[in-house]
Amino acid sequence: MGQVKTYEEVIHGWFDHFHAHPEVSWKEVETTKKIASILDDMNISYKFFSDVTGLVAEIGQGEEVIAVRADIDALWQEVDGTMRANHSCGHDANISMVLGALLQLKDVPLKKRVRFIFQPAEETGGGAIEMVKHGVIDDVSYLFGVHLRPIEELPLGKVTPAIHHGAAMFLQGTIHGIDAHGARPHQGKNAIDVICAIQQMIKNIYINPFDVYSAKLTKIVADGGSTNIIPGNATFSMDIRAQKNSVLEELQKRIDEGFEGIRNMFGVELKWDWLDKTPGAEVSEDAAQIAKASIIEALGLEHLEKPISTPGSDDFHYYTVLRPNLKAAMIGIGADLTPGLHHPKMSFNKDALMTGAKVLTTTLRNAAQNY
C-alpha cells in the first residue's frame, strides 16, 4: 500500500504534471482530460463542452452560485532555442490552486453552489468570451480569479484581494507600395518610409497625462531581397495598452485616423486589423471585500496587501464587461516570481501554491456561507 500523500504533496504533484505537459490555447485536450481525471478521483461531477476545451465542475447546493475561474492554456514561445508550449504565465499554478480549494471544500456543507470554471484560451483573449457564450456564468453572483504576481508587484507571502489589470489590443498591418532600385528611389513607394511615419504618428498621440497608456510597434518585416532594393512591401504589428477601457478606445480611434492620413500621404495600400482586445479590470468592491476578509482570516493581517494596478491584461475581465451585474475580483498571490510573467525562464517559490489554495478555500467558503 502506497504512502498517503499530504495536501501539499497533492497540490505540488498536480502542478508538476501540468507544468510538464503544457498545451496552447484551444488545444488543451490532455490538460482537460487530466483535470477530469482528478475530479473523478474526488467523485466530483463535471461537464465538458462539445466544441471547445475546458470543463466546469460544481459542488454545494442552493439557488445562488459562486464561481472561481482557472485558466488552463500555455504560451507558445522559444525556450532554449526551441519553439514549444510553455507555462511561463503560471496557469499551471492557477489550475493547481483552484483544484486545491475544490479538494478542501468538497465535503464542506455549503449554503450555495460553488462552480469551478477551467477555462481555455486566456492567452488569445477569447476563452472567457466562449465561456460566457456557453452560459457558465448566467446564474453566477460572485466570480473570483487567481494569479501569481511578479516579485516587483508582490513578494512571497503577500496577497492582494484585487488585481486591476489594464486594457490591451493588438494590431497587424500590411503595406503594399512599389519596390525600387537603390539608385532610383523616386520610382518606388518605400514601405520603410511608411513604417517610420507610423512610428512618428504613435509617438505623437497625446492623451491626458494622468492616464496610463502606451502604443508601440512590436514587429516590422520589410525586405526587398537585396541590399540595393528599396522594399515596397512590409508587414508590422503593434501592442496598444491603457489602464482604462475608455482610454484604449481613444487610442484606437487616434491610430485609425493616423493610418488614414499616412495612407493618403504616401499613396500606398495600407491595411490593418485589430486583434484580441482584452478589457481593463472592472473590479467589484463587494467581491474584493470578501477576498480581503478571507485573506486576513486565512493568513493574518500582515499578509494582506492593498489592491494593485498592473499594465498586464487578462481576459478574466470579459466576464464583467459582458455581464455587468456580475461581482468579480481577481486575487493576486505573491510568489517571488522572476524574471517576469511570459519570460521563458519564469520561476517562482512553490510555497505560493499552498498560500493561494488556502486563500481561495476561505474566500469561496465565506462567499458560499456568509454573504
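This is a predicted model: local features need pLDDT of at least 70, side-chain atom pairs count only at pLDDT 80 or more; totals for chains, interfaces and linings use all residues.

Modeller: Residues are numbered from 1 along each chain as its sequence is written, and side-chain values use heavy atoms, with hydrogens and water left out.

Colleague: How many helices and strands does the protein have?

Modeller: Helices (H or I, at least four residues) and strands (E, at least two) are DSSP runs, numbered from the N terminus. The protein has 9 helices and 17 strands. Its C-alpha trace spans about 80 × 45 × 40 Å along the principal axes.

Colleague: Is helix H9 largely enclosed or exposed?

Modeller: A residue is buried under 20% relative accessible area, exposed over 50%, and partly exposed in between (1.4 Å probe, protein chains only). In H9, 14 of the 19 residues are buried, so the helix is largely enclosed by the rest of the structure. Across the protein, 52% of the 371 residues count as buried.

Colleague: Which peptide bond is cis, and which residue other than glycine has a phi near 75°?

Modeller: Most residues other than glycine have a negative phi, and most peptide bonds are trans. Here the bond from Thr338 to Pro339 is cis, with omega near -15°. Pro339 lies in the loop between strand E17 (327-337) and H9. That loop also holds His342, whose phi is near 75°; His342 is partly exposed at 37% relative accessibility. Asp80, not a glycine either, has a positive phi of about 55°. Asp80 sits in the loop between E4 and strand E5 (82-86) and is exposed, with a relative accessible area of 62%.

Colleague: What lines the largest pocket?

Modeller: Rolling a probe the size of a water molecule over the atoms shows where empty space is left. On a 1 Å grid over the protein atoms alone, a pocket is an open set of points where a 1.4 Å probe fits, with protein on both sides within 12 Å along at least five of seven lines; lining residues have an atom within 4 Å of a point. Grid points are joined across faces, edges and corners, and a volume is the space filled by probe spheres set on the points. The largest pocket holds about 800 Å³ of space. Of its 30 lining residues, Leu75, Glu123, Phe170, Arg241 and His342 are the closest to the centre. Strands E4 (75-79), E7 (140-150), E14 (233-242) and E15 (269-278) each supply at least two lining residues.
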